[in-house]
Amino acid sequence: NLVVSLGEEKDLNDKNMLLEEVIDIKTGSLVLFPASLTHYTIPFESEEERIVLAFDVIPKGKKSETVNAEQTAVTLPTKDAEAHNNLGNTLQELGRLEEAEVSYTITEPSIKIVEYAITDSSPTGPTLATMLFVAMLLGGVIPFVVISIIFYLDTKIHVKEDLEKYIGDLTFLGEVPNISNQNQQIFSSPSQRSVIAEASRILASNCNYLLKSNNSTPTGKIIMTTSSIKGEGKTFIAVNLSLALASLNKKVLLVGADLRNPQIHNYINVNKSVAGLTNYLVDDSFDWESAIKNYHPNFPSHEILLSGSLPPNPVQLLSNGSLGDLLNKAKVKYDYIILDCAPTVLVTDTLLISHYADATVYLTRSNITEKELLNFPNKLIEERKLKNVGFVLNGVGAGMAKKYQYGYKYAYNYGYGYGYNES
């Protein structure tokens with residue numbers, strides 16, 4: 001701000017001095033005051049900063065007027081009001097420019113470049129040796145460790161080698177593919193060339209070799225199918241094995257000996273309450289031969305005896321001797337009798353009738369059977385509770401064992417505290 005006078009007298013010639021002082025303080029900005037200007041007041045925040053600019057019209061010996069601190073207006077003649085308003089705006093602009101210069105001086109950056117960095121034509125790191133080491137670590141060691149951990153934590157069987165590792169004296173009958181198409185799960189014609197048909201023929205051929213090693217009687221042979229737990233596919237194998245044997249023009253009887261959770265009726269689309277084995281075991285006067293029917297017209301030598309209604313006491317029925325009488329009569333009429341039995345780990349039913357069998361087809365399933373469960377059939381074989389046992393690996397190709405493209409689904413309701421629910 002320009003301070004010229006604080007209420008003191010000014011001579012007429014002081015106008016030139018006033019203009020010079022304006023030019024010195026605001027260099028490059030010339031402010032001309034009209035000669036007609038008589039009196040101009042600039043308000044300030046304090047009483048001491050009052051400024052009175054007087055020019056040639058102020059008589060000598062007369063004090064210029066003073067302005068109160070609260071004054072915020074300019075007292076001018078009416079004819080010069082517009083000119084003085086422009087002068088006030090100009091002075092305000094000068095004040096704002098000065099404030100901006102002071103603010104810029106305060107905020108001016110103090111950081112300066114002392115010396116520019118020196119660069120090289122080639123990178124200093126990482127080195128080639130380091131990059132190769134990291135690549136080998138990421139591409140070889142880490143995947144090896146991860147895969148090793150996965151296999152170590154894997155408790156399921158997947159391939160034949162898993163069976164050989166846990167079964168001491170293994171008789172392996174074959175692998176059966178995992179069928180995903182429900183319409184292709186059954187060996188439907190003697191001339192069929194599907195995957196399941198060929199697998200069933202191989203299984204039937206190997207079962208004949210197993211029976212020849214125990215050819216003690218000239219009559220029909222009894223083959224029992226069982227497994228450790230539910231869901232391993234014993235009924236699926238029993239149905240297709242019986243059809244494969246029937247395709248060789250052999251007379252075959254498939255018997256539903258699983259009185260707790262029969263499944264054969266699901267493969268022939270009949271009601272599970274159809275009269276069958278249970279009716280004969282409860283009442284030996286029942287004509288069991290009348291309950292035998294052919295459900296596969298393409299295999300005229302194949303017949304089925306269903307389980308019948310679910311009994312409340314399957315253990316007593318299987319151990320009363322009636323089943324032995326039925327099998328002795330059936331052996332005279334049929335070349336092969338296939339018994340679809342209950343799982344061995346969950347219930348004792350199968351062990352009660354295992355002595356009737358000439359051979360036992362023991363089912364395991366890829367990605368389902370636990371490795372530790374294989375100790376159970378091992379123990380049964382050692383204790384001679386199961387005889388002439390051959391193992392089948394079902395569901396090959398599912399999960400980790402990618403060898404075929406097949407799969408199938410069905411379920412059981414076995415378990416301790418098993419309920420006899422007709423639904």
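Begin by selecting Thr-344: leaving aside neighbours within four places in sequence, this residue is in contact with Thr-226, Ser-227, Ser-228, Thr-350, Tyr-362, Phe-376 and Leu-380, where contact means heavy atoms within 4.5 Å. The model is a predicted one, in which local features need pLDDT of at least 70 and side-chain atom pairs count only at pLDDT 80 or more, while totals for chains, interfaces and linings use all residues. Residues are numbered from 1 along each chain as its sequence is written, and side-chain values use heavy atoms, with hydrogens and water left out.

**First stop: around Thr-344**

Thr-344 lies in the loop between E7 and helix H11 (349-353). Helices (H or I, at least four residues) and strands (E, at least two) are DSSP runs, numbered from the N terminus. With a relative accessible area of 3%, Thr-344 is buried; the term means under 20% relative accessible area, against over 50% for exposed and partly exposed in between, with a 1.4 Å probe and protein chains only. Select Phe-376 next: its C-alpha atom is separated by 8.7 Å from that of Thr-344, although the two residues are 32 residues apart along the chain.

**Second stop: the sheet**

Now display the strands E3 to E9 as a cartoon. They form an open sheet of seven strands in the order E3-E9-E8-E4-E7-E5-E6, with parallel pairing. Two strands pair if DSSP finds at least two bridges between them. At the edges stand E3 and E6, each of which pairs on one side only. On average, neighbouring strands of this sheet are turned by 20° against each other, direction ignored; the axes behind such angles are lines fitted to C-alpha atoms, for helices over the stretch in contact, and angles run from 0 to 180 degrees between N-to-C directions.

Select residues 359-365, which make up strand E8. Seven of the seven residues of E8 are buried. In a regular strand the side chains alternate between the two faces of the sheet. On one side of E8 are Ala-359, Val-361, Leu-363 and Arg-365, on the other Thr-360, Tyr-362 and Thr-364, and all of these are buried.

E8 pairs in the parallel sense with E4 over five bridges, and Thr-226 has Tyr-362 as its bridge partner in E8. E8 also runs parallel to E9, joined to that strand by six bridges. Between these two strands, Thr-360 has Val-389 as its partner in E9, and Val-361 has Gly-390.

Select residues 389-396, strand E9, where eight of the eight residues are buried. Strand E3 (residues 172-177) pairs with E9 in the parallel sense over five bridges. Here Phe-172 stands opposite Phe-391, and Glu-175 has Leu-393 as its bridge partner.

Within E9, pick out Val-392. At 0% relative accessibility, Val-392 counts as buried. Not counting residues up to four places away in sequence, Val-392 touches Leu-173, Gly-174, Val-176, Leu-203, Val-361, Tyr-362, Leu-363 and Thr-364.

**Last stop: rings and charges**

How many aromatic pairs does a search of the whole structure find? There are two; rings of Phe, Tyr and Trp (its six-membered ring) pair if their centres lie within 6.5 Å, with planes under 30 degrees apart counted as stacked, over 60 as edge-to-face and the rest as tilted.

Select Phe-187 and Phe-299: the ring centres are 5.6 Å apart and the planes stand at 75°, so this pair is edge-to-face. Both of these residues are buried. Then select Tyr-362 and Phe-391, whose ring centres are 5.4 Å apart and whose planes stand at 50°, so the pair is tilted. Tyr-362 belongs to strand E8 and Phe-391 to strand E9, so the pair ties together parts that are 29 residues apart in sequence.

Finally, turn to Lys-212, whose charged end sits over the ring of Tyr-209, 5.5 Å from its centre. A charge sits over a ring if NZ of Lys or CZ of Arg is within 6 Å of the ring centre and within 35 degrees of the ring normal. Lys-251 lies over the face of Tyr-334, at 5.4 Å from the ring centre.
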